[in-house]
Amino acid sequence: MCSLSIKQDFKNDDQYNTPKEAWEMIIPYIPKNVTIWEAFMMGNTSSKSMDYLSELGCEVVGSPELDFFENDLGDVIVSNPPYSFKKKIFKRLAELDKPFILLLPISTISKQFVKLLKREFIQMIIPDKRIQFIKGEDPLKRCWFDTCFLCYKMNLEKDITFI
Ligand SMILES: C[S@@+](CC[C@H](N)C(=O)[O-])C[C@H]1O[C@@H](n2cnc3c(N)ncnc32)[C@H](O)[C@@H]1O
């Protein structure tokens with residue numbers, strides 16, 4: 001039997017943090033009076049994601065102590081997850097079946113594991129520019145892939161929102 005631990009799955013490339021401007025983009029699509037779960041912070045003390053979301057007026061829960069796979073917090077998951085074990089993450093998202101906005105490579109939408117979710121609740125917010133993630137203190141200057149916000153059960157006006 002082959003079972004990979006989270007530690008083994010964990011890749012250096014998963015350590016890119018999200019700039020504030022990415023969270024600014026989605027604020028209009030987050031309902032007021034919900035608690036956001038920044039679910040992908042485990043072992044990460046450099047991400048300012050939770051601070052940024054709080055500064056933008058959101059109530060946020062999350063912690064570098066918490067494993068996504070062992071918790072279920074807040075009303076809406078808002079995060080930028082690791083990209084190297086997305087299938088495992090989507091299995092858990094399907095189990096939780098709760099609303100989320102996740103920043104992901106745009107190619108994620110064509111993956112088989114997205115079909116684990118109820119298709120009628122899947123929507124996308126597509127930024128008009130490439131997001132430059134932050135590694136350590138430094139913003140990347142040339143991120144080499146496009147990302148979008150994959151949304152679930154967010155009840156947005158349009159299935160695809162271009163921003
Ligand atoms: C792409 S980084 C984004 C960090 C942060 N969410 C942000 O947007 O700035 C993905 C993060 O997921 C975290 N992570 C990896 N495995 C996790 C797990 N099982 N549970 C929670 N977080 C995890 C790591 O801390 C990693 O830094």
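Which backbone oxygen does the side chain of Thr108 reach? That of Pro105, at 2.6 Å, a polar contact in the sense of a pair of N or O atoms within 3.5 Å, where within protein one must be able to donate a hydrogen and the other to accept it, and residues adjacent in sequence count only if both atoms are side-chain atoms. The model is predicted, so local features need pLDDT of at least 70 and side-chain atom pairs count only at pLDDT 80 or more, while totals for chains, interfaces and linings use all residues. Residues are numbered from 1 along each chain as its sequence is written, and side-chain values use heavy atoms, with hydrogens and water left out.

Thr108 lies in the loop between strand S4 (100–105) and strand S5 (122–126), strands being DSSP runs of E with at least two residues and helices runs of H or I with at least four, numbered from the N terminus. With 1% relative accessibility, Thr108 counts as buried, that is, under 20% relative accessible area, as against over 50% for exposed and partly exposed in between (1.4 Å probe, protein chains only). Leaving aside residues up to four places away in sequence, Thr108 touches Lys86, Phe90, Phe113 and Val114, contact being heavy atoms within 4.5 Å.

Lys86 and Phe90 are among the buried residues of helix H4 (residues 86–96). The buried residues of H4 pack against strands S1 (35–37), S3 (76–79), S4 and S8 (147–152), whereas the face turned away from the buried side carries the exposed Lys87 and Glu95.
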